[in-house]
Structures are given as C-alpha cells and as structure tokens.
Amino acid sequence: MNEFLDSIYQSPFFGLTITTAAYLFGVFVNKKLKTPLANPVVIASVIVIAIVAILDVPLEYYNKGGDMIAMLLAPATACLAVSIYRQREILGKNLIPVLVGCSAASAASMGSVYLLCKLLKVDERLIVSVIPKSVTTPIAMGISEQHGGIVPVTVAAVMISGITGAIAAPYLIKLFRIKNPIAAGIGIGSCSHALGTSKAIEIGETEGAMSGIAIGISGIMTTLFALIIS
C-alpha cells in the first residue's frame with residue numbers, strides 16, 4: 001500500500017492536481033464571499049501546505065507537478081501585454097509620470113527595507129534577500145543570487161509582498177480615495193508585482209494595464225538600485 005501511495009505522490013499529476021483543485025476552490029470561495037480577504041492564492045497555498053504536511057509528502061515529489069504550474073508564470077505575465085497594448089494611448093500621454101512613479105516606488109520599497117533591516121541589525125545576506133521583495137519572482141531571484149542573497153528567503157518575501165498587496169489594494173484605494181486608475185495601477189504593480197496585477201485587472205482594465213507596465217519598469221529600476229545599495 002505504501003509503495004502504491006508513494007508512486008502516486010511521485011507522479012507529476014499529484015502536485016498538478018492538488019494545486020489546481022485548491023486554486024479552483026479558492027476562486028469559488030472568493031466569489032461566494034466577495035471580499036479581497038478571501039484571496040484564491042492564499043486559500044490555495046494553505047490547502048496545499050496542509051495536504052503536503054498531513055500526508056507527509058516530500059517536497060521534491062510535490063515539485064514535480066508544482067514546477068509545471070510555475071512554468072506558466074512567465075507566459076501569464078507576458079499575456080499582460082494585451083491589456084498594455086489596448087491602453088497604449090494612455091501610456092503615451094502619461095509616460096513621464098509612469099516612469100517617475102515606478103522609480104519612486106522602487107526606491108521607497110528598497111530604501112525602507114534596507115533602513116529597517118539596518119535598524120534591527122539584520123544579517124547582510126538577509127538584507128540582500130528581502131530587498132527585491134516588490135518585483136516579480138524571476139527578477140527578484142536573479143538580484144538575490146547575484147548579490148549573495150538566500151534565494152528561498154527572497155521567494156518567500158516576494159510571495160508575502162504580492163499576497164499582501166493583492167488583499168490590501170482595494171481597501172487602500174478606498175482609504176486614500178485614489179480616483180485616478182493610472183495611479184492605482186502603478187501603485188499596485190510597483191509593490192505587489194504579478195499577484196497584485198491579477199487584482200488590478202479585476203478592478204479595471206486601465207488599472208491592470210498600468211500595473212503590468214509597472215512590473216517591468218519597477219523590475220529594471222530595482223535591478224539598478226540594487227547595484228547602488230550593494
């Protein structure tokens with residue numbers, strides 16, 4: 001029986017199936033409750049972690065299927081180009097504010113993390129690991145690895161940043177009464193990358209397009225700022 005279960009756990013379809021099912025359940029719950037707090041990614045993450053822990057499935061077994069989903073991150077991000085193309089006229093008219101906004105957001109994110117870590121006397125490797133928390137995972141991993149950071153810590157920081165942004169964005173927009181969709185989109189994409197952008201798309205097409213643009217620009221600026229800080 002154990003050999004049979006072990007063969008199931010080692011199959012790529014195990015990780016693929018539980019991740020997909022958990023996310024679909026998260027989407028169902030989100031639609032029912034209609035609140036950003038019921039974020040599908042958060043719900044799916046909790047369910048997958050619980051299943052893997054309860055069944056005592058080795059992480060490398062789960063990753064055989066989980067990595068197949070991770071491969072879709074880049075194509076999914078590239079699909080944002082469709083919304084960006086539709087909003088190209090708005091981007092052209094607001095190019096300078098968009099560039100300045102993304103640069104300011106990257107500087108604020110990295111600067112606040114750096115100063116807080118220094119204040120708390122955090123180890124230098126950990127500082128490098130969490131500094132690129134607000135950019136998309138592939139860029140953040142590259143920055144962390146290049147400067148001697150701990151990549152798994154970087155991935156965790158990016159996930160936390162993205163999930164927090166996706167949950168908090170609608171509330172912060174209302175709290176600060178942000179009426180401009182361009183400002184809202186840039187703010188979301190600059191601080192919570194692809195996960196936040198998925199929420200920005202739900203808010204509006206302009207917000208989603210601007211958030212997608214912010215992912216790329218913020219990634220470039222964060223890479224440049226990392227050279228200065230390091």
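## The second largest pocket

In this predicted model, the second largest pocket holds about 250 Å³ of space. Its lining is made up of 16 residues, and those nearest its centre are A169, L172, G187, I188 and C191. Helices α11 and α12 each supply at least two residues of this lining, with α11 giving the most, namely eight residues. Sorted by class, the lining of the second largest pocket comprises 10 nonpolar, five polar and one charged residues.

## The largest pocket

At least two lining residues come from each of α2 (12–33), α3 (40–54), α4 (59–70), α5 (73–78), α10 (137–146), α11 (151–175) and α12 (181–203). In terms of class, 28 residues of the lining of the largest pocket are nonpolar, 14 are polar and four are charged.

## Nonpolar cores

The largest nonpolar core consists of 11 residues: L91, V98, C102, I182, I186, A209, M210, I213, A214, I217 and M221. Two or more residues of this core are given by each of α8 (95–119), α12 and α13 (205–229), and α13 provides the largest share, six residues. Apart from this core lies another, of 10 residues, which include F14, V52, V57 and Y61.

M221, a member of the largest nonpolar core, also touches S103 and S106 when residues up to four places away in sequence are not counted.

## Salt bridges

Side chains of opposite charge can pair when their charged atoms come close. Across the whole structure, a search finds two salt bridges. One of them joins E124 to K118, with the closest N and O atoms 2.5 Å apart. Both partners count as partly exposed, since E124 has a relative accessible area of 43% and K118 has a relative accessibility of 38%, values that fall between the 20% and 50% limits.

The side chains of K199 and E202 form a salt bridge as well, at 3.0 Å from N to O. These two residues are three apart in helix α12, and therefore about one helical turn separates them.

Methods: Residues are numbered from 1 along each chain as its sequence is written. This is a predicted model: local features need pLDDT of at least 70, side-chain atom pairs count only at pLDDT 80 or more; totals for chains, interfaces and linings use all residues. Side-chain values use heavy atoms; hydrogens and water are left out. Helices (H or I, at least four residues) and strands (E, at least two) are DSSP runs, numbered from the N terminus. Ala, Val, Leu, Ile, Met, Phe, Trp, Tyr, Cys and Pro count as nonpolar, Asp, Glu, Lys and Arg as charged, and the others, Gly among them, as polar. On a 1 Å grid over the protein atoms alone, a cavity is a set of points where a 1.4 Å probe fits but cannot get out, and a pocket is an open set with protein on both sides within 12 Å along at least five of seven lines; lining residues have an atom within 4 Å of a point. Grid points are joined across faces, edges and corners, and a volume is the space filled by probe spheres set on the points. A nonpolar core is a set of buried Ala, Val, Leu, Ile, Met, Phe, Trp, Tyr and Cys residues joined through side-chain atoms within 4.5 Å. Buried means under 20% relative accessible area, exposed over 50%, partly exposed in between (1.4 Å probe, protein chains only). Contact means heavy atoms within 4.5 Å. A salt bridge is a side-chain nitrogen of Lys or Arg within 4 Å of a carboxyl oxygen of Asp or Glu.
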